[in-house]
Amino acid sequence: MKRSLLLCVVMSAFASSSAFAQADLAKAKNCMACHAVANKLVGPSYKDVAAKYEGQKGAEDKLVQKVMKGGAGVWGPVPMPANPQVSEAEARSLVKWIMTTK
């Protein structure tokens, strides 16, 4: 019992630190200038993105490309510009984090 409780605490701490790291990456790459976790700013909230793409086959790859190359028309008239500062590995990491925010 004590072992499983300790394991839960350790896993929770790891998940929390990982989430903070991804939020810091999103800030560093200027994603948070237009997006927030729970509220719509210029672009949709990350929770809304996660809900919209939940369970869709190929969603992660599609979103990685949108993070890097931008997109338009999915969330309204304001286009999302390309972000050449974000590598594919960083974009994939961000998208994986975004999909956990639902």
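The questions and answers below go from the overall fold to particular residues and their pairings.

This is a predicted model, in which local features need pLDDT of at least 70 and side-chain atom pairs count only at pLDDT 80 or more, while totals for chains, interfaces and linings use all residues. Residues are numbered from 1 along each chain as its sequence is written, and side-chain values use heavy atoms, with hydrogens and water left out.

Q: Which pattern does the protein follow when read along the sequence?
A: Helices (H or I, at least four residues) and strands (E, at least two) are taken as DSSP runs, numbered from the N terminus. On that basis the protein has four helices and zero strands. Read along the sequence, the pattern is therefore α-α-α-α.

Q: How many disulfides does a search of the whole structure find?
A: A disulfide is counted when a pair of cysteine sulfur atoms lies within 2.5 Å. The sulfur of Cys 31 has its closest cysteine sulfur in Cys 34, at 9.0 Å, which is too far for a bond. Searching the whole structure accordingly gives a count of zero.

Q: Is Cys 34 buried or partly exposed?
A: Buried means under 20% relative accessible area, exposed means over 50%, and partly exposed lies in between (1.4 Å probe, protein chains only). Cys 31, at 13%, is buried. Cys 34 has a relative accessible area of 30%, so its class is partly exposed.

Q: Which side chain of opposite charge is nearest to Lys 66?
A: Lys 66 lies in helix α3, residues 59–69, and is one of the buried residues of that helix, together with Ala 59, Leu 63, Val 64, Val 67 and Met 68. A salt bridge requires a side-chain nitrogen of Lys or Arg within 4 Å of a carboxyl oxygen of Asp or Glu, where Lys and Arg count as positive and Asp and Glu as negative, with His and the chain ends not counted. Lys 66 has no salt bridge, and the nearest side chain of opposite charge, 14 Å away, is Asp 61.

Q: Which residues does Lys 66 touch, not counting residues up to four places away in sequence?
A: Contact here means heavy atoms within 4.5 Å. The cover over the buried residues of α3 includes α2 and α4 (88–98). Leaving aside residues up to four places away in sequence, Lys 66 touches Tyr 53, Val 74 and Met 80.

Q: How far apart in residues are Glu 90 and Lys 29?
A: Glu 90 forms a salt bridge with Lys 29, and their closest N and O atoms are 3.4 Å apart. The pair links distant parts of the chain, with Glu 90 in helix α4 and Lys 29 in the loop between α1 and α2, and the separation is 61 residues.

Q: Which residues do salt bridges that share partners join into one network?
A: Glu 60 forms a salt bridge with Arg 92, with the closest N and O atoms 2.9 Å apart, and this pair links helix α3 to helix α4. The side chains of Arg 92 and Glu 88 also meet in a salt bridge (3.6 Å, N to O), and both residues lie in helix α4, four residues apart, about one turn of the helix. Salt bridges that share partners join into one network Glu 60, Asp 61, Glu 88, Arg 92 and Lys 96.
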